[in-house]
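Open your viewer and get ready to click through a few stops with me. We will select some side chains and see what is there.

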Amino acid sequence: MAYKLNNTFGTLLVTLPDGTIDVATTDLTLIGKGYAGFGEKLNENLIKLLENFNNTSAPSNKIQGQLWYDKTNNQINVYTGSKWKPVGSSTNSATAPTNAVQGDMWFDTSNTQLYVYTGSAWTLIGPTTVAGSGVTQVVSEVSPDNTGVNQSYLKLVANDSVVGVVSDRAFTPSSTDTTSAALITAGFATVAQGIQLSSAVASAKFRGTATDSDALGGVAAANFLRSDSDDTTTGKLIIQSDTGLVLGAGQDVTMTLSSDDFIIAQTTQNKDIIFTVNDGGQTKEALRIKGSTGRIEDLRVGNLTVDGTSTVINTTTLSVEDNIIELNRNISSNAGMPNYTGIKVNRGETSSATEQNLYWVWDETFADDGTSIYGLAGGAWTAFKSSQTNTELEAPTLVDIRANVVHATSTSAQYADLAERYEADCELTVGDVVKLGGHAEVTKCQKELDDAVFGVVSESPAFLRNAQTGNNDTHPMIALKGRVFVKIKGKGQAGDRVVSAGNGEARVANIDECTAFNTLGRLIKHKYNEETALTECVIGVK
């Protein structure tokens with residue numbers, strides 16, 4: 001009848017037929033009933049149990065609770081059901097063991113350190129330093145002094161270097177004792193009472209804030225001037241808490257700080273402040289500030305550079321001996337040029353709005369068209385006035401330039417429209433489409449396909465009627481006929497008819513939209529984009 005073999009818990013391990021043996025279920029040979037030669041197998045089983053399966057490799061048919069003697073590491077192990085665990089010693093390995101349970105120990109063979117498993121992580125027991133990096137700890141030590149009396153002290157060691165010592169008394173280490181000699185070599189020829197840092201460690205200092213000090217740099221603290229009360233020195237320098245730095249017996253010169261302003265004052269009436277230099281062995285006056293006038297008198301300098309945003313010269317006549325006055329000296333490329341560079345005429349800071357400041361400047365924003373008609377160079381010399389609010393360089397308006405004879409190229413032949421000045425009831429810009437009406441003579445055309453369309457704001461007409469009526473702000477130049485730039489919205493082909501599009505703009509019209517009343521003119525060139533842009537047209541034609 002076959003044997004039914006159970007483990008300690010009563011779980012069936014194997015059913016063993018009569019006359020057979022089982023070497024696969026466990027690491028022992030299981031012997032069936034009536035197996036011939038069972039004595040040999042039985043004795044071998046006893047030997048395995050006696051030596052705990054002594055081998056260089058772990059048993060392959062292990063079961064929970066089985067012991068194995070690791071012949072390589074001379075260590076007894078028990079099988080937990082998931083791994084072999086050393087019995088009575090730590091696991092030796094270069095990496096942390098897996099499947100650890102609380103209380104397990106692991107000796108890191110790479111760094112020669114011992115760890116214990118807390119149940120969630122490996123915690124270092126010691127040593128605290130990694131092998132090869134040096135000792136870092138506080139060491140209690142006893143060594144004789146130069147009189148032969150043993151002295152106890154603490155050594156502060158970091159990476160094998162003695163950084164400091166702590167002693168309750170001062171002594172001189174013995175030069176004949178090995179331990180004391182090592183202390184001397186570490187930078188302690190004498191040991192002071194308290195905490196002392198090594199003189200052999202570079203930059204070893206106490207870092208932080210001290211509440212008291214006997215000396216600073218070897219100088220007694222009593223030799224320093226006080227900062228919290230009046231104090232004096234044997235020289236002629238006095239520092240007072242109320243007046244600051246004072247020079248002279250009569251407090252003739254003071255240096256003070258008021259609201260973060262540094263003030264140097266000559267307090268004696270009508271006395272000067274004089275700066276002198278040694279010029280070839282002779283004392284020469286370089287600068288004098290007159291006490292009677294409060295001004296710098298007769299200042300003569302060599303090269304003078306003034307940095308800042310404003311330099312004011314308050315004089316009646318300014319004479320410049322140089323033949324060239326350079327503006328924008330620090331501009332290194334065209335890309336850095338400001339929009340306007342030139343001369344400003346101040347007509348009165350508090351003047352009314354009609355007395356705007358005037359300018360004669362180089363206008364970098366003036367754009368040429370790259371042809372010989374308008375010139376090949378960007379920018380132009382321009383005369384204009386500031387805006388009605390007198391805001392610096394805001395909304396410049398062109399003004400007249402008057403001369404006897406001007407030698408230049410006339411601009412009259414470069415434009416081809418007939419224009420006339422009309423009073424406007426709103427702000428208009430070049431290219432705006434206008435109609436008669438509004439609160440004045442003309443207003444911006446706000447309606448699409450407007451039958452009342454009248455003309456376009458011109459920039460530089462070839463012929464201007466009623467030129468003296470007003471200026472471009474109040475009486476813009478309205479082109480009535482000829483070639484002029486118009487604000488065109490949308491695409492178009494040369495020859496297309498244009499009509500008003502609202503908001504002072506125009507657009508290309510379909511032929512069935514055009515009438516004799518709403519047609520403003522025609523495109524001269526193709527327009528390829530949808531964005532509103534100034535486009536050359538001929539107006540006054542149908």
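Which side chain meets that of Glu536 in a salt bridge? Select Arg483: its side chain pairs with Glu536 at 3.1 Å, N to O. A salt bridge here is a side-chain nitrogen of Lys or Arg within 4 Å of a carboxyl oxygen of Asp or Glu. This is a predicted model, where local features need pLDDT of at least 70 and side-chain atom pairs count only at pLDDT 80 or more, while totals for chains, interfaces and linings use all residues. Residues are numbered from 1 along each chain as its sequence is written, and side-chain values use heavy atoms, leaving out hydrogens and water.

Now colour the strands (DSSP runs of E, at least two residues, numbered from the N terminus). Glu536 sits in strand β38 (residues 533-539) and Arg483 in strand β34 (residues 477-488), 53 residues apart. Glu536 is buried at 16% relative accessible area, whereas Arg483 is partly exposed at 39%. Buried means under 20%, exposed over 50% and partly exposed in between, using a 1.4 Å probe and protein chains only.

Next, select Asp272, Glu285, Arg288 and Lys290, which salt bridges with shared partners join into one network.

Move on to Lys83 and Asp104, whose side chains form a salt bridge at 3.7 Å, N to O. Lys83 lies in the loop between β6 (75-79) and β7 (84-86) and Asp104 in the loop between β8 (91-93) and β9 (105-108), so the pair ties together parts 21 residues apart in sequence. Lys83 is buried at 18% relative accessibility, and Asp104 is buried at 7%.

Last stop: Arg169 and Asp168 meet in a salt bridge at 3.4 Å, N to O.

Technical notes:
Helix = DSSP H or I, 4+ residues; strand = E, 2+ residues; numbered from the N terminus.
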